[in-house]
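Biologist: Before we discuss any labels, please show me the model, and then tell me what each term stands for.

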Amino acid sequence: MAKMYRVYSIIERRKNDDYWLNIGVAFPHEDGKGFNVMLQALPLHGNGKIVLREHEAKEHETAELPAEDTRASRSRNGDDERNAPRSS
């Protein structure tokens, strides 16, 4: 299974701990020189800082995910081939 990272936007709170809002996932390229980042939201507060943290899937999470969701199909330049323009 490909390594997966969670993408968080950190919301600073004055009298509480900072809140880590999960806004997406990231998958490293096979050559280790970059990431595909898929965001479900954009950080609109604070300085726009995002954090990537390695995600270790729980046993019940891996059983629910289809195989294509756990490993991205990438071209040589690291782009997701499923979203790449096709030539005729």
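Modeller: Contact here means heavy atoms within 4.5 Å. This is a predicted model, in which local features need pLDDT of at least 70 and side-chain atom pairs count only at pLDDT 80 or more, while totals for chains, interfaces and linings use all residues. Residues are numbered from 1 along each chain as its sequence is written, and side-chain values use heavy atoms, with hydrogens and water left out.

Biologist: With which residues is Ser9 in contact, leaving aside its neighbours within four places in sequence?

Modeller: Once those neighbours are set aside, the contacts of Ser9 are Tyr19, Trp20, Leu21, Ile23, Pro43, His45 and Lys49. Ser9 itself lies in strand E1, which covers residues 4-11; helices (H or I, at least four residues) and strands (E, at least two) are DSSP runs, numbered from the N terminus.

Biologist: Why is Ser9 called buried?

Modeller: Buried means under 20% relative accessible area, exposed means over 50%, and partly exposed is in between (1.4 Å probe, protein chains only). Ser9 has a relative accessible area of 1%, which is under 20%, and therefore counts as buried.

Biologist: How many aromatic pairs does the structure hold, and what makes Tyr5 and Phe35 an edge-to-face pair?

Modeller: There are two aromatic pairs. Rings of Phe, Tyr and Trp (its six-membered ring) pair if their centres lie within 6.5 Å, and planes under 30 degrees apart count as stacked, over 60 as edge-to-face and the rest as tilted.

Biologist: Why is Tyr5 called buried, whereas Phe35 is called partly exposed?

Modeller: The relative accessible area of Tyr5 is 16%, under the 20% limit, so Tyr5 is buried. Phe35, at 40%, falls between 20% and 50% and therefore counts as partly exposed.

Biologist: How do you know that the pair of Tyr8 and Trp20 is edge-to-face?

Modeller: Their ring centres are 5.6 Å apart, within 6.5 Å, and their planes are at 65°, over 60, so the pair is edge-to-face. Tyr8 in strand E1 and Trp20 in strand E2 (residues 19-28) are twelve residues apart, and the pair links distant parts of the chain. Trp20 has 39% relative accessibility, between the two limits, and so counts as partly exposed.

Biologist: In what order do the elements of the protein chain run?

Modeller: From the N terminus on, the order is β-β-β-β-α-α, with four strands and two helices in the protein chain.
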